[in-house]
Amino acid sequence: MSAPTVLEPRDLQLRQLQERIRGMQDGVPRIPVITHPALADLLQLRTGGAYEVDSASLAMLLLATPSQEGAWSAVVGAADFGIEAAAELGVDLTRTVLVPDPGEHWLEATAALVDVVSLVLLRPPGDVTARAASRMDARLRKRASTLIVWGRWPGSEARISLRSSSWSGVGEGHGRLTSRRAVIAVQRGSAPARETELWLPAAEGPVRRVRAAADARAALG
Amino acid sequence: MRVLVVWCPDWPVVAALSDGEVADGEVAAATGPVAPAAVVTRSAVVACNTRARDHGVRRGMRRRDAQSRCPELLLLDDNPDRDVRAFEPVLAAVEALRPGVAPLRPGLLAIRAPGRFYGGEEHAAALIAERLVAIGVWDVRIGIADDLFSAEQAARRAEVQGWRVIVPEGSAAFLSDLPVEVLETGSDDGGGDLVGLLQRLGLRHLGDLAALPARDVLTRFGAYGAKVHRLARGVDPVQPATRTPPPDLVTEVVFEPPLASVEAICFSVRQQAEEFVARLGERGLVSTAVRIEAEADDVRRSLLSSRTWVHSRWFGAGDVVDRVHWQLQATPAGVLVGAPVGLVRFVPETVEPAAAHADGLWGGGTDDRVDRGVARVQAMLGYDAVVVPVRQGGRSPADRQAHVPWGERPTGLRPPDLPWPGRVPSPAPTRVFAEPWATSVVGAAGQPVVVTDRGAVSCVPARFHSGSTAGWQPIDSWAGPWPVDEQWWESSTGSRPAARFQIVGVDGRAWLMRCDDRGWWTEASYD
């Protein structure tokens, strides 16, 4: 390994070391999962982790980019998963399997799918015990898969939540829903939540930062 | 080598009439030998029978013209697959008499003429004609000659159920009297152009063409002309390409004594399932669709269950056994106990070369691992618990999506790319409820909001209450009513017009709701 050059900023070096430590935990390397560019600097999904979301569109957003890159994904327990919306947000339906109604076997079905696909979206029907969650986490790390939980999950790596949303395009009996400004908060452990504002969905084009557009305007003005 | 050609004239008509796709009344009227019938595409006549020809119907004629010449003409849809399928029994019947059948096209086949085996060529022709009439093909004509072209022309000049034998070395003499128009029939490669040219050059008969020096014909007409020249001289060297009889790949498992328990059946068929897959594998084939049939052990051997299973990749032995398990479990238990299974049969419905399904160097197609994981979930939850999401056309969000069980091919889906006027505009809702939630929507004074007959709301909706939200939620903004004008002919949809609304609560969550005469329903959520 070559020695780090002195020119590198110190915090970058620190971050690299932290990444390496995190990667070496449990003896299994934790590979970064490609994350949607709109969320990229807030959140880095890694294999072996469980991430909580609280809205369907956030779940689809996390599935979309890896799915486009060729990863298989599975959706367990979400009978009301909007297929057309998922396709609009970029989920490749040809590499997606649904188990809409796993009943009481939801944990076993999820475990079977975690073995073979790289992303699993799970909507637990009730509370998840800490024991079940830790066993699933061990399995996730072993199989290098990522779990996105639409609901609560004890010991999750991060919680991505929709703080507020405001729809535009609709008025008092006229118009139609066109786009939404959504404030997304990423809570990791006990650290303060990091927020960003997204067009989710945007009126046209892909999901993107609201601020990026504002920055562009500011730069022009 | 002598060639025997069997010609069944107007085969598309014969196939269509024997297929039973036409309504029974029509068949009854048409199966008599005198009813005029024609097979038509959307615009033109593809084939017609003798009676229709007597009325002046011709190949290539427009459908309207054909009907005007013969108003009682029975019109049959064109279906080349059906023609091929219906010709298969004819091939099999001839193959039983002499192997090495070369199917030329539906209605026309060639074999090497049997010499002395059936007591001479004419006896062989008589035998073939008799066999084909026995399987219900009434109009059979047979020609025997030195080469394929002459034999076909001889068959076309034979009587119904008759034959015409061109003596050895007699092809040239036989062909020389034929008009050049015979080059048109059955040739797809521009024979018509050449016929027109020959006629304008004053060459009326094949003999005139044959009399020209081969070198001059090649110079003037090119390679195709040279080929036709060879045909006309009766020295066509092309031998019919014979087919190998299709192997019998159906596997049967007989239970002695008959078994009533699904587990016992699955255990017993495992070895035969392995043999079934191995036998396909010996021929370099894999099966992607298998029909599994279970028969009872009674005198009539009644079919207990029959179902075709499709695999997303191809069937291994374990997959076949799984399918037997699922199929027999799904059969009502009472039936199974009442009639123990005496026989299970595997019929490979679709076989494909194994090379087409080989694993690519970098993977590809359905991932093998995914298949295995899904199979485990299927074993846990049942066959249709794992589905593939697909989009389809429709107006409501629930209509615009469909679930196809893993491994099955989607059928009967509406095309999603059509405009579908009246559909809910995009963005699509992220949650679509299979069962809409009952909802109440009221105005500012608490009066229920309804949609009037003229498609307007009775008052401005002010707050709503649905299954998901606790308590009443004030409405921030709303859009609608968008009238739902679907299936008004169904009595169950009610008298009042239904309408859809997009409603945004003050918490920023948006919903798609529907109002009909039974009340308000939350159909989907923009979560």
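Two residues are in contact if their C-beta atoms, placed from the backbone, lie within 7 Å. Helices (H or I, at least four residues) and strands (E, at least two) are DSSP runs, numbered from the N terminus. The model is predicted: local features need pLDDT of at least 70 and side-chain atom pairs count only at pLDDT 80 or more, while totals for chains, interfaces and linings use all residues. Residues are numbered from 1 along each chain as its sequence is written, and chains are lettered from A and ligands numbered from 1 in the order in which they are written.

**View 1. Helices H4 and H5 of chain A pack against each other.** Leu107(A), Ala111(A) and Val114(A) of H4(A) are in contact with Ala132(A), Met136(A), Arg139(A), Leu140(A) and Arg143(A) of H5(A). By class, this contact of H4(A) with H5(A) has 6 nonpolar, no polar and 2 charged residues. Here Ala, Val, Leu, Ile, Met, Phe, Trp, Tyr, Cys and Pro count as nonpolar, Asp, Glu, Lys and Arg as charged, and the others, Gly among them, as polar. H4(A) covers residues 106-114 and H5(A) residues 130-143; their axes are 10 Å apart, at an angle of about 15°. H4(A) is therefore roughly parallel to H5(A). Axes are lines fitted to C-alpha atoms, for helices over the stretch in contact, and angles run from 0 to 180 degrees between N-to-C directions. Angles under 35 degrees count as roughly parallel, over 145 as roughly antiparallel, 65 to 115 as roughly perpendicular and the rest as oblique.

**View 2. Helix H4 of chain A crosses helix H15 of chain B.** The axes of H4(A) and H15(B), residues 368-381, come within 8 Å and cross at roughly 165°. This makes H4(A) roughly antiparallel to H15(B). By class, the contact has 6 nonpolar, 1 polar and 2 charged residues.

**View 3. An open sheet of 5 strands in chain B has mixed pairing.** The strand order is S5-S6-S1-S7-S8. At the edges are S5 (102-105) and S8 (162-165), each of which pairs on one side only. From one strand to the next, the twist averages 20°. Two strands pair if DSSP finds at least two bridges between them. Strands S1 (residues 3-7) and S6 (residues 108-112) of chain B run antiparallel and are joined by 5 bridges. Within this pair, Val5(B) has Ala110(B) in S6(B) as its bridge partner.

**View 4. Helices H5 and H7 of chain B lie on the sheet.** Helix H5(B), residues 80-97, lies across S1, S5 and S6 of chain B and runs at about 15° to S6(B). Helix H7(B), residues 148-156, touches S1, S6, S7 (141-145) and S8 of chain B, and its direction makes about 145° with that of S7(B).

**View 5. Helices H5 and H6 of chain B pack together.** H6(B) spans residues 121-134, and its axis is 10 Å from that of H5(B), at an angle of about 140°. H5(B) is therefore oblique to H6(B). Val90(B), Ala93(B), Val94(B) and Leu97(B) of H5(B) meet Leu127(B), Ile128(B), Arg131(B) and Leu132(B) of H6(B). The contact has 7 nonpolar, no polar and 1 charged residues.
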